[in-house]
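Please examine the sequence and the structure shown below. The paragraphs that follow lead through one part of the fold.

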Amino acid sequence: AGATGAASDALVVAVAVDPADAPPSRPVEVASCSSRASAPTPWRPMRSTVSAPPAASVRQTGAVIILAATPIGNLGDASTRLRQALEDADVVASEDTRVTQRLLAALGIANRPRLIALHEHNERARAADLVELARDGDLLVLSDAGMPTVSDPGFPLVQAAVAAGVDVTAIPGPSAVVTALAVSGLPTDRFAFEGFLPRKAGDRSRRLAELAGDRRTLVFFEAPSRLAASLGALAEAFGADRPAAV
């Protein structure tokens, strides 16, 4: 659609794939929509707090919980640090242990760690036990694709770990949110991530009505089977002249 005035809002939608099923040459699939022109924000160096182990004086426990980003569509995006963590891990908490097994095989990882399922249906009940497990040795946490806790399991575990004084660190990597935003051609200086829209039409319409006044670029996830319905709802809620890219 054609561009609108500077007062318009913006949206981004990303569609994820199973990285273990994708060949190395397959790119991540993303989609986006926005309408506001914006001056770029000057680049400033960001202080990293996740690339090096915490100082000994700060450590409260003998081990850490490691959130590791996994490929979101291209196995070539698996970082050296992720591969090493998979080789070294004794215990891995996985969103789907079958997906993790396929990832280990696809990356040629010889190590076969103990795999513990950590998904949306059990993560709150299992968080305390995993925190205690992490006191005795590093616990690697993986989602099926991307960074744990971002529209994926992991937040209750991190919340419990912080409360218990167990250190949490991360191995950065692929992110569908940032990837979709970066290639969309939409304003990137101010954005908000909204995750998945509700499946039911009524709930979805109410959520979008709440967001109608938000002037930032809005980032959504959506399943391929619901993409058409969601794009129709977005057009109805935000206006059919709002620029979009899928």
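Which residue in strand 5 is the bridge partner of Val-92? The partner is Leu-115. The chain passes from strand 4 through helix 2 (residues 97–106) to strand 5, and this β-α-β crossover is right-handed; that is, with the strands pointing away from the viewer, the path from the first strand over the helix to the second runs clockwise. Helices (H or I, at least four residues) and strands (E, at least two) are DSSP runs numbered from the N terminus. This is a predicted model, in which local features need pLDDT of at least 70, side-chain atom pairs count only at pLDDT 80 or more, and totals for chains, interfaces and linings use all residues. Residues are numbered from 1 along each chain as its sequence is written, and side-chain values use heavy atoms, with hydrogens and water left out.

Strand 4 (residues 91–94) pairs with strand 5 (residues 114–117) in the parallel sense over four bridges; two strands pair if DSSP finds at least two bridges between them. Strand 4 also runs parallel to strand 6 (residues 139–142), joined by three bridges, and there Ala-93 stands opposite Val-141.

In a regular strand the side chains alternate between the two faces of the sheet. In strand 4, Val-91 and Ala-93 point one way, Val-92 and Ser-94 the other, and all are buried (under 20% relative accessible area, with exposed over 50% and partly exposed in between; 1.4 Å probe, protein chains only).

Helix 1 (residues 80–88) has Leu-82, Ala-85 and Leu-86 buried. Seen down the axis of helix 1, its buried residues fall within an arc of 100° (taken from the directions from the helix axis to the C-beta atoms), so they line one face. The face turned away from this buried side carries the exposed residues Thr-80 and Asp-88.
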